[in-house]
Amino acid sequence: MLLPPSLLALWLAYSSLPAIAATAGTFADGGSTLVSAMMMFLGNTEKVYILDKAEGNAAQVNGHPAWGAVWDIATRQSNVMDVASNVFCASGMHLPNGSYVAFGGNSAVSRGGGAASGGNWDAEYQDFDGSTAIRVLNPCTSSDNFALTQCQWFDNAAVLSMQKKRWYSSAEALADGSIVLIGGFVGGGYINRNTPDTTPVPEAAENSFEFYPANGRVVTAMNFLFVTGGLNAYAHAFLLNSGKMLVQANVSTMIWDYNNNVETYLPNMPGNVVRVYPASGAVAMLPLTPSNNWNPTILFCGGNDMPEPAWGNYSFPAINTWDYPASTDCQRLTPEPLDGSAAAYEADDDMLEGRSMGQFIILPDGKLLVVNGALNGTAGYAHATGQTFVESQMPFGMSLASGPVGAPAIYDPNAPKGHRWSRPNFDTSPIARMYHSSAILLPDGSVLIAGSNPNVDVNTTTVFNTEYRAEIFYPHYFSATTRPTPSGVPTTISYGGPSFDITVPAGSYSGSSNTAAANTTVVLIRGGFTTHAMNMGQRYVQLNNTYTVQTNGTIVLHVAQAPNPNILQPGPALLFVVVNGIPSNGTMVIVGSGNFGVQPTSPPAVLPANILVDSAKGTASGDSTNITSGSENSNDSGSNSHLGAIIGGAVGAVTVIGVLAGAVVFFIRHRRNGVRAVDSTSYAMTAGGQTGTGYRGAPLPGGIYGHGGNNGSVASSFVPLHRQVDSDPWNGSTTHLAQGPYRDEPFDPKGRMASVESFDPYASVKVVPQPGYR
């Protein structure tokens, strides 16, 4: 499209400066991630860190393919980072001081996912076995020297490692800042079981849990992982207000007292819809607010309800999963009801279309954005299935899913039932975001979307290729051209104790000051560690506040500290001030002490009463504070033409974002019998680029296993990524620690790590791996 002369001149004048303009509901070019973004996390307000599996990426670092990178938010450019071990399908979590940790992964591999040349190390890819790895990163800013050790990944299992091998494990932070690691694979491929499933302890499953730091705690068997069979990879885990934990996998749900390893089972998932990998539903904790007494409710959407035998085994699924539609079903669960009633699933509004590998991102206005995923099938990749015996006959390459869903959707948890889903004039991305896609909230309230790689190694010519293009999606509130510009935002948040004041100037809003003050919230959002359609650790916590309206329209917010560390575990978070649904830029804060251990807590402050001034008004233009939205439950994906510019924070440049062509995504509900794949008209079927032909799944052959999916010769056509000898010792890491032993230092509000020798998460006594379980 041609730009008007005025806009073209504006673009030319500011083309060398960081871009901050945006059009609500559209996607913008996010540059290249250099490595496929299987995992991401926001390190600070400047950098996003990216991890891939060890594979043949063209980007090189220290003489071998890179599988780590750091993406700069301002420039949208990436730089490679060296990671010693194979991070393939790891888990991750934040630490109390703002650092991040990636746990486990896969064995060392060579080209094509083959066995490493040296057992636990490969000469070509130069990747070490990552199955027990604990990798730690201290996020740095552009003013730091990234060549220094303290800005690089620490990855040396000879110094720091888990007690057990864990691939596809889950991680959840605890109230003291430590982390519990749940389950995972040891070997295997698609799911953790044999066919028939007769093995009491699956040889490729690690049905146990452990802690980081261990502090003397040994690995312990977890009965829930035996109960949930092979469908418990990346189990969903959420710390609850009681200090216990909700854990969900397969179709089972429990509340877990991890201190005493006591499991209390809740009702099964209605409809037998599987939400964990490889069904990979969109799952998130709804916003925790004063109005719900910060009591967690978990939302489960999408995934897949394939018949139990269809899930197959280690090698591959028993059916052609790409022909089986993903679920549209959504369920809410409040594990610990405040009225003392029994916990029960509650049916929620269906999604606008079925999604496997859909991912929830909690937005600053309290709504949830779902992105990525597929209309049909599951996560994972394979050379064959129980119905398609050779890779050359796989219609979508190695992908086990079809029908990419490129249009985001909004879920409003506070809307009346029947009206919670909408798509307010959102564009449809032309980039398929299938298996190994990821998304994360950025400090300006936009969403970084990257990744997609349902392939054993880099493949740029298959139907769903290895994807390096990043996108930035701008939610509905970007239609407002005025953003709140609060001052007085702290850099640390405590648990209880004295309140603090935040000032919102009159230029941050329009209309009545009393109305604006009543519609202002202060929220903490932790984006989490994103991988496999999950954001481990993602939480939204609204802080309690009152306000004083001044005659000039200034609003002073009197804000309480965080409630307690069960509601929001210690560590980094973004603080947003949201006025009439429009968020400020987020400020990075540290919640808690910045250290492991029991967090200091105090009674909550008594906030002053609200003070109103009826004559006070905001000075922003009314048009600049409007949020344009479309009709609810609409599949319309036309773009919103209102150009929004972020006013606030470091405003200094404007660019023009071209409007992407919209597309309509149709969806077809499926029934258990007579299943038919859902069509997608947005993506081409051929590997050579887009055409006018959309995907259309073939009819599902009769019988769950088709032509005998468990024949030995069929199983041999898929070679799962696994180590050749599980008992092989770890080889020494090549990581250079020229400046002495690595230390994870406490957070300093100025953005650097202070040199406090007493804080060292590795100082705890290292536990020798036990030969069995307690």
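Colleague: How many bridges join β22 to strand β23 (residues 345-347)?
Modeller: Bear in mind that this is a predicted model: local features need pLDDT of at least 70, side-chain atom pairs count only at pLDDT 80 or more, and totals for chains, interfaces and linings use all residues. Residues are numbered from 1 along each chain as its sequence is written, and side-chain values use heavy atoms, with hydrogens and water left out. Strands are DSSP runs of E, at least two residues long, numbered from the N terminus, and two strands pair if DSSP finds at least two bridges between them. β22 and β23 run antiparallel, and the number of bridges joining them is 3.

Colleague: And which residue of β22 stands opposite Cys-301?
Modeller: Start with strand β21 (residues 298-301), which runs antiparallel to β22 and is joined to it by 4 bridges. On β22 (residues 330-333), Gln-331 and Leu-333 point one way and Cys-330 and Arg-332 the other, all of them buried (under 20% relative accessible area, 1.4 Å probe, protein chains only). Gln-331 stands opposite Ala-347 in β23. The residue facing Cys-301 is Cys-330.

Colleague: Which are the edge strands of the open sheet of 4 strands?
Modeller: The order is β24-β25-β28-β29, with antiparallel pairing. An edge strand pairs on one side only, which leaves β24 (359-362) and β29 (421-422).

Colleague: What is the volume of the largest cavity?
Modeller: A cavity is a set of points on a 1 Å grid over the protein atoms alone where a 1.4 Å probe fits but cannot get out; points are joined across faces, edges and corners, and a volume is the space filled by probe spheres set on them. The whole structure has 6 cavities of 30 Å³ or more. For the largest, the volume is about 190 Å³.

Colleague: Which elements give two or more residues to its lining?
Modeller: The lining (residues with an atom within 4 Å of a point) has 17 members, and Ala-237, Phe-238, Asn-535, Met-536 and Gly-537 lie nearest the centre. The elements that give two or more are β12 (170-173), β16 (236-239), β20 (282-285) and β39 (534-536).

Colleague: Moving to rings, what kind of pair do Trp-256 and Tyr-258 make?
Modeller: Rings of Phe, Tyr and Trp (its six-membered ring) pair if their centres lie within 6.5 Å, with planes under 30 degrees apart counting as stacked, over 60 as edge-to-face and the rest as tilted. That rule gives 29 aromatic pairs. Trp-256 and Tyr-258 have ring centres 6.0 Å apart and planes at 65 degrees, so this pair is edge-to-face.

Colleague: How many residues apart in sequence are the parts tied together by Phe-426 and Phe-473?
Modeller: Their ring centres are 5.0 Å apart with planes at 80 degrees, so they are edge-to-face too. Phe-426 lies in the loop between β29 and β30 (437-441), while Phe-473 lies in strand β32 (residues 469-473), so the parts tied together are apart in sequence by 47 residues.

Colleague: Which ring does the charged end of Arg-217 sit over?
Modeller: The test is CZ of Arg, or NZ of Lys, within 6 Å of the ring centre and within 35 degrees of the ring normal. Arg-483 meets it over Phe-478, 4.9 Å from the centre. For Arg-217 the distance is 4.1 Å, and the ring belongs to Phe-211.

Terms used:
Buried means under 20% relative accessible area, exposed over 50%, partly exposed in between (1.4 Å probe, protein chains only). On a 1 Å grid over the protein atoms alone, a cavity is a set of points where a 1.4 Å probe fits but cannot get out, and a pocket is an open set with protein on both sides within 12 Å along at least five of seven lines; lining residues have an atom within 4 Å of a point.
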